[in-house]
Amino acid sequence: MVTTAQPRLLDHVVSAHQFDRDLLEHVVARASALDGVRDRRLDGRIMATLFYEPSTRTRLSFESAMVRLGGSVIGTEAAREFSSAIKGETLEDTIRMVEAYADVIVLRHDEAGAAGRAAVVARVPIVNAGDGPGEHPTQALLDLFTIHRELGRVDGLHVVLCGDLRHGRTARSLALLLTRYEGVRMSFVAPAVVQMEPDILSLLETRRVPYTVTDNLRGAVTDCDVVYQTRIQKERFTDPGEFGRARGDTRIDARLMERLPQRAIVMHPLPRVDEIDPEVDADPRAAYFRQARNGVAVRMALLEMLLGETSPA
Ligand code: NCD
């Protein structure tokens, strides 16, 4: 084992913007190598999960990843109610305390930018596990890993992102990561009230990534490689009228699957409500449960990069 101090590839995981092509390939390679591993390489290290919003997959897969690498886990779910936030403590002060108890903090918060604020004050790595309608970079990394694993490449693919693209932090982060690949095309399929925000679209333009904006899923899927469906983020709407208009005609059912090429896959960060009919689950192109399982290996890779002795190439 190399013991000389090497610069870390990652100090925090706050945004998909941090990941260039080389770093993405490193994450994919390490996740492939660590899939199924159980060892003690993070023995003695402690991960705190600080979750101000609900989660099943993200929290449990991070915990499972840490335990599989020999580390330990402490945490609070429902941190809004069960932590000192309810007494008025700022996020910054909470982070200054939790860093005394843990070597890495996995934070889910309801405000965009919260993980970035935490990283400014933290002396331990902060991992953004979703910051309101902002970003969800670790989900996007597992999505990218899934595309690699299912289709063998990312370059040259046509990816259809669908559903609530305005509030859906996973779709926002995934669109950013996809700009790092050659020849990728994206279609954003949603009613106007929940279309992809201009910040992402202008970045695509700067990076010369071709994209289309439409509300017609049936038209978009005929030549796609990936359909990435998302839930309408009901909790983020202040106007019930807007929520009503957000549903549109973007449901995936058996009829829609007939239009999808045989090579294509259907993904979803989960949880699903009714935007994918359960009749689709038996179709081999339905990749969403395989996708969720990939979360463990990708989070093992990230924890190793943030906390491990070295960053194996
Ligand atoms: C997503 C999230 O929390 O942003 N879920 C997840 O982490 N897998 C998607 C969602 O809540 O719809």
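# Salt bridges and the domain contact

User: In this predicted model, which residue forms a salt bridge with Arg247?

Analyst: The model is predicted, and side-chain atom pairs count in it only at pLDDT 80 or more. The closest N and O atoms of the Arg247 pair are 3.4 Å apart, and a salt bridge needs a Lys or Arg nitrogen within 4 Å of an Asp or Glu carboxyl oxygen. The partner of Arg247 is Asp274.

User: How many residues apart are Arg247 and Asp274?

Analyst: Arg247 sits in the loop between α10 (240-246) and α11 (254-259). Asp274 sits in the loop between β9 (265-267) and α12. The pair therefore links distant parts of the chain, and the separation is 27 residues.

User: What is the relative accessibility of Glu304?

Analyst: The cut-off for buried is under 20%. Arg30 is buried, with a relative accessible area of 12%. Glu304 also counts as buried, at 3%.

User: In which helix do Glu63 and Arg59 both lie?

Analyst: The side chains of Glu63 and Arg59 meet in a salt bridge of 3.3 Å, N to O. Glu63 counts as buried at 19% relative accessibility, and Arg59 does too at 13%. The two residues are four residues apart, about one turn of their helix, which is α2.

User: How far apart do the C-alpha centres of domain 1 and domain 2 lie?

Analyst: The domain assignment gives domain 1 as 3-135 + 294-312 and domain 2 as 137-292. The contact takes 33 residues from domain 1 and 28 residues from domain 2. The C-alpha centres of the two domains are separated by 25 Å.

User: Which residues in domain 1 lose the most area to domain 2?

Analyst: The area buried between the domains is about 2,600 Å², and carbon and sulfur atoms give 58% of that. Three residues together make up 26% of what the domain 1 side buries. They are Arg21, Arg57 and Asn294.

User: Which element gives the largest share of the side of domain 1 that touches domain 2?

Analyst: Between the domains there are 17 residue pairs in polar contact. On the domain 1 side, α1 (21-34), α2 (57-68), β3 (104-109), β4 (126-131) and α12 (288-307) each supply at least two residues. The largest share is six residues, and it comes from α1.

Terms used
Residues numbered from 1 in each chain as written. Predicted model: local features only at pLDDT ≥ 70, side-chain atom pairs only at ≥ 80, totals over all residues. Heavy atoms only, no water. Domains from an automatic or database assignment. Contact = heavy atoms within 4.5 Å. Buried area = accessible area lost by both parts, 1.4 Å probe. Polar contact = N/O pair within 3.5 Å; in protein donor to acceptor, adjacent residues only side chain to side chain. Buried < 20%, exposed > 50% of the residue type's maximum accessible area, 1.4 Å probe, protein only.
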